[in-house]
Every structure is written in structure tokens, then in C-alpha cells.
Amino acid sequence: MPALVVYDSAYGNTAQVARDIAAALPHGEAHAIGEIDPRRLPPCDLLIVGSPTQGGQPTAALRTWLGGLPPDALENTRCAAFDTRLAAADQGFALRLLMQAIGYAAPRIAKRLLATRGILAAEPVGFLVDGKEGPLRAGERERAARWAKALTPAPVR
């Protein structure tokens, strides 16, 4: 069965990360949220969900999509969550404090995946963008591919 990467993207950065993650996985497929009905998820071995961080949250559209998942939609399905975000260390003091207080999208996505009986395959992760609209920080695409490969269980011998 495929690994399914479902994402929302504001400026294309999250879409790029999703495509890089899917390309690194055996039978990986990346789909924007509008392409997948959350009430009728196709069978998959691994579901990865991503969003840009907006005000500490996933996008409104992704929150709606996640809210459309039936309560047991992900029973026994391995899941992971990612976001794209600014690096807190690069921000001014006040914005760093705000970012620390409100958090990021990936942990909130992971919480919803767990609520629909998914099993987390990894801790939520964030990929860095330079500026609100990006681009992705150098090396983040490669880091996304490495992260994805780490989600793939070793073959049983």
C-alpha cells in the first residue's frame, strides 16, 4: 500500500516539502487536501499530514480537513505530522516569545491524528522557511527526505 502525504500550502513551500517526502518513500503519493476526501481516505500504510504554521496553527482549510476525519479513520495506521515555519532564533525577542507561547502547526496536527486512532511513527517536525513566503531554507528539502526515510520501517527478514 502507498504512503500518503496530505498537505495544505500557502506559498508552495509546504507543497514542495510534501513532494520531497513522498518521493523519498516507497510508493509515496503527495496530495493537496482538496484532492482527498477525509471521510474516504484511500488505504495506506503511512499517512503524513503537513501545513504551514499560521498563528501557531495549521491553516484553516487543513483544520477543517482534519475535522472531517471520522473518529476511527486512522485505527492502526502509522501517522506523522510536519509543518513549515520561521526559525524562532532568527526573530526579534518579542516574536520569539510569541512563537514560543503559541507553538507550531505540526504538534496540533499530530494531536488530531492521534484523536482519530492513528499511531505516531515519529515526533512532529518543522521545516524552516526564510521569510513568510519562503523560500525553504537551504538543506530543508534534503532534511525532509531523510526524515521520510526514517519513517519507513526496516524490512522484516
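Start at N76 in this predicted model: select the loop that runs between α2 (60-67) and β4 (78-86), where N76 sits. Check its backbone torsion: phi of N76 is near 65°, a positive value in a residue that is not glycine. Most residues other than glycine have a negative phi.

Next, select R117. The loop to display is the one between α4 (105-115) and β5 (119-120). R117 also has a positive phi, about 75°, and is not a glycine. Is R117 exposed, partly exposed or buried? Its relative accessibility is 46%, so R117 counts as partly exposed.

Two packed helices are described by the angle between their axes and the distance between the axes. For α2 and α4, the angle is about 10° and the axes are 10 Å apart. An angle under 35 degrees counts as roughly parallel, so α2 is roughly parallel to α4. The crossing of α2 past α4 is left-handed.

Now show side chains at this contact. Which residues of α2 meet α4? They are L62, L66 and G67, and on the α4 side the partners are I109, R112 and L113. Sorted by class, the contact holds 4 nonpolar, 1 polar and 1 charged residues.

Move on to the loop between β6 (125-129) and α5 (140-151), and select P135 there. The peptide bond joining G134 and P135 is cis, with omega about 15°. Most peptide bonds are trans.

Finish with the cysteines. How many disulfides does the structure hold? The count is 0. Select C44 and C79 and display the sulfur atoms. From the sulfur of C44, the closest cysteine sulfur is that of C79, 7.4 Å away. A disulfide needs the pair within 2.5 Å, so this separation is too far for a bond. Starting from C79 leads back to C44, again at 7.4 Å.

Are C44 and C79 buried or exposed? C44 is buried, with a relative accessible area of 14%, which falls under the 20% cut-off. C79 is buried too, at 0% relative accessibility.

Methods: Residues are numbered from 1 along each chain as its sequence is written. This is a predicted model: local features need pLDDT of at least 70, side-chain atom pairs count only at pLDDT 80 or more; totals for chains, interfaces and linings use all residues. Side-chain values use heavy atoms; hydrogens and water are left out. Helices (H or I, at least four residues) and strands (E, at least two) are DSSP runs, numbered from the N terminus. Buried means under 20% relative accessible area, exposed over 50%, partly exposed in between (1.4 Å probe, protein chains only). Axes are lines fitted to C-alpha atoms, for helices over the stretch in contact, and angles run from 0 to 180 degrees between N-to-C directions. Angles under 35 degrees count as roughly parallel, over 145 as roughly antiparallel, 65 to 115 as roughly perpendicular and the rest as oblique. A crossing is left-handed if the near helix is turned anticlockwise from the far one by less than a right angle, and right-handed if clockwise. Contact means heavy atoms within 4.5 Å. Ala, Val, Leu, Ile, Met, Phe, Trp, Tyr, Cys and Pro count as nonpolar, Asp, Glu, Lys and Arg as charged, and the others, Gly among them, as polar.
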